[in-house]
Amino acid sequence: MGDDGPGSTVHLLCLAASSGVPLFCRSSSGGAPSRQQLPFSVIGSLNGVHMFGQNLDVQLNSARTEDTTVVWKNFHDSITLIALSSEEGTSELKLERMLHMVFGAMVLIVGLEELTNIRNVERLKKELRASYCLIDSFLGNSELIGDLTQCVDCVIPPEGSVMQETLSGFAEATGTAFVSLLVSGRVVAATDGWWRLGMPEAVLLPWLVGSLPPQAARDYPVYLPHGSPTVPHRLLTLTLLRGLELCLLCGPRPPLGELDPQLLERWWQPLLEPLRACLPLGPRALPDGFPLHSDILGLLLLHLELRRCLFTVEPSKDKEPGPAEKQEDTVHPAQTPRACYLVLGPGMGWQLVAVQLGLRLLLLMLSPQTPTHGLRSLATHTLQALTPLL
């Protein structure tokens, strides 16, 4: 999730590890793609100091200057990625996870064989251009958080069971086990096969679809960095409504032509209104009317086993104050959070509280007016309300 400040800059360098030849350089400034490029002398120095350490059996992972954080990462002794960020307080972990996502994106588009056995540098440069749109989304401001949490960004539709039933029927009709419904890069519903996808493709595929320009239909070759890094699959996408897309991951069949408008209309026309209700779920994640306390400014819910997450800083406007600040002692002992942390955002005018219950972890961003003594109860009640959803 990019959260670069207005004056911060992020640079990403990709080089062939053996020769040091730059394959590409991408930049963002203030969260938006930038044409600003690092001088070749700087690129050479950054790669040179990393190679110098390797020759001495010293692994250089990160470094800090007064205004820049630098992280290096080598993949398969073939590709070196370097990230530089001028954002104040940037953690090495954030940049390292970004580099893992970037390499995953490269494998997704060109396959692992092309990256580990580089035969023609110029041809590889051209092939990697198809990954720029996805890679740039990791560098800039994004409403998604899966790159940082390593969990799939999800939303909760208002008629989830009907949506799931229709999706499963559509998947059976098309003979495809891997099908999902996406809104703005987030999963609305998916088949069991889709949920069984490994990491990082489970995060990368929705993110890829969300980063591409709008199109009525696509037949897009992709490699699966975990499941099939050397043999490509086909990613078929079909737009039901602008911003709402069906995705099918398949082999040679079905041809895109078989997924005609009549087939889509037969399965999805009866769900037109529920589908329309999904469109605002991109930034909101939760359906209208979901009862959240009025002090909640944002939330992040992680299911640590299923690797799924809900994230929003735009909770529903129809919130009603709940009983979270009352009867704190009535919480059943078996549901007491394992951990609770309070952090005051310095000068930010909000509070953070985190609770974990079993495999679920909830982080709330709260109004500064929230009484401190009610934080644990508020977080616990909210987690209990969200538990059936994820």
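Me: How do you know which features can be named, and how are residues numbered?
Reply: This is a predicted model, in which local features need pLDDT of at least 70 and side-chain atom pairs count only at pLDDT 80 or more, while totals for chains, interfaces and linings use all residues. Residues are numbered from 1 along each chain as its sequence is written, and side-chain values use heavy atoms, with hydrogens and water left out.

Me: Why is the contact of Lys 73 and Glu 96 called a salt bridge?
Reply: A salt bridge is a side-chain nitrogen of Lys or Arg within 4 Å of a carboxyl oxygen of Asp or Glu. The N to O distance between Lys 73 and Glu 96 is 3.9 Å, so the pair meets that rule. By this rule the count comes to 14 salt bridges.

Me: What makes the pair Lys 73 and Glu 96 a tie between parts apart in sequence?
Reply: Lys 73 lies in strand E5 (residues 69-75) and Glu 96 in helix H2 (residues 92-110), so the pair ties together parts that are 23 residues apart in sequence. Helices (H or I, at least four residues) and strands (E, at least two) are DSSP runs, numbered from the N terminus.

Me: What makes the separation of Arg 276 and Glu 273 about one helical turn?
Reply: Arg 276 and Glu 273 are three residues apart in helix H11 (residues 272-278), which means that about one helical turn separates them. Their closest N and O atoms are 2.7 Å apart, in a salt bridge.

Me: How do you know which residues line the second largest pocket?
Reply: On a 1 Å grid over the protein atoms alone, a pocket is an open set of points where a 1.4 Å probe fits, with protein on both sides within 12 Å along at least five of seven lines, and lining residues have an atom within 4 Å of a point. The second largest pocket is lined by 24 residues, of which Ser 184, Gly 185, Val 209, Gly 210 and Ser 211 lie nearest its centre. The largest share of this lining, four residues, comes from H9.
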